[in-house]
Amino acid sequence: TAIGARVDRAWLGAQKPDVLVELASRVLEVNWDFFVQRVLPAINQAAERLARIVSGGTSGSPDSSAQDSTTQP
């Protein structure tokens with residue numbers, strides 16, 4: 001968020017949570033296309049892997065995660 005908002009990280013760390021939320025939402029708004037095309041699919045993949053781990057469907061080893069990520073474009 002500090003990088004995206006071009007503010008000093010120490011300054012951001014000293015702010016109340018509502019400032020962080022506001023800046024993060026503005027960074028997301030400005031970069032929405034990037035987040036939808038690149039970040040959201042990666043988050044969905046990670047959530048699916050975590051769901052499999054929680055449900056006992058996989059060991060959650062780094063090798064299984066690496067295989068999952070290499071099969072996606």
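Q: Where does Ser 55 lie?
A: Ser 55 lies in the loop between α4 and α5 (62-70). Helices here are DSSP runs of H or I with at least four residues, strands are E runs of at least two, and numbering starts at the N terminus. Keep in mind that this is a predicted model: local features need pLDDT of at least 70, side-chain atom pairs count only at pLDDT 80 or more, and totals for chains, interfaces and linings use all residues. Residues are numbered from 1 along each chain as its sequence is written, and side-chain values use heavy atoms, with hydrogens and water left out.

Q: OK, is Ser 55 buried or exposed?
A: Ser 55 is exposed, at 59% relative accessible area. Buried means under 20%, exposed over 50%, and partly exposed is in between (1.4 Å probe, protein chains only).

Q: What does the side chain of Ser 55 reach?
A: The backbone oxygen of Arg 52, at 3.1 Å from the side chain of Ser 55. A polar contact is a pair of N or O atoms within 3.5 Å; within protein, one must be able to donate a hydrogen and the other to accept it, and residues adjacent in sequence count only if both atoms are side-chain atoms.

Q: And which glycine follows α4?
A: Gly 56, with a positive phi near 85 degrees.

Q: Back to α4 itself: where does the helix bend?
A: Helix α4 (residues 32-54) bends by about 40 degrees at Val 39, and Pro 41 follows within four residues. The bend is the angle between axes fitted to the seven residues ending at a residue and the seven starting there.

Q: New topic. How many salt bridges does a search of the whole structure find?
A: One. The side chains of Arg 26 and Glu 22 meet in it, at 2.7 Å from N to O. The cut-off is a side-chain nitrogen of Lys or Arg within 4 Å of a carboxyl oxygen of Asp or Glu.

Q: Why are Arg 26 and Glu 22 separated by about one helical turn?
A: Because they are four residues apart in helix α3 (residues 17-30). An α-helix has 3.6 residues a turn, so residues three or four places apart point the same way.

Q: How accessible are Arg 26 and Glu 22?
A: Arg 26 is partly exposed at 49% relative accessibility, and Glu 22 is partly exposed at 38%.

Q: What about aromatic pairs, how many does the search find?
A: One aromatic pair in the whole structure. Phe 34 and Phe 35 form it, edge-to-face, with 5.5 Å centre to centre and 70 degrees between the planes. Rings of Phe, Tyr and Trp (its six-membered ring) pair if their centres lie within 6.5 Å; planes under 30 degrees apart count as stacked, over 60 as edge-to-face and the rest as tilted. Phe 34 is partly exposed, at 46% relative accessibility.

Q: Switching to phi again: which residue has a positive phi although it is not a glycine?
A: Arg 6, at about 55 degrees. Arg 6 sits in the loop between α1 (2-5) and α2 (9-13) and is exposed, with a relative accessible area of 78%.

Q: And Gly 13, where is that found?
A: In helix α2. Gly 13 is exposed, at 65% relative accessible area. From C-alpha to C-alpha, Gly 13 is 9.1 Å from Ala 2, with the two 11 residues apart in sequence.

Q: Last one, the whole chain: how many helices and strands?
A: Five helices and zero strands. Buried residues make up 8% of the 73 residues.
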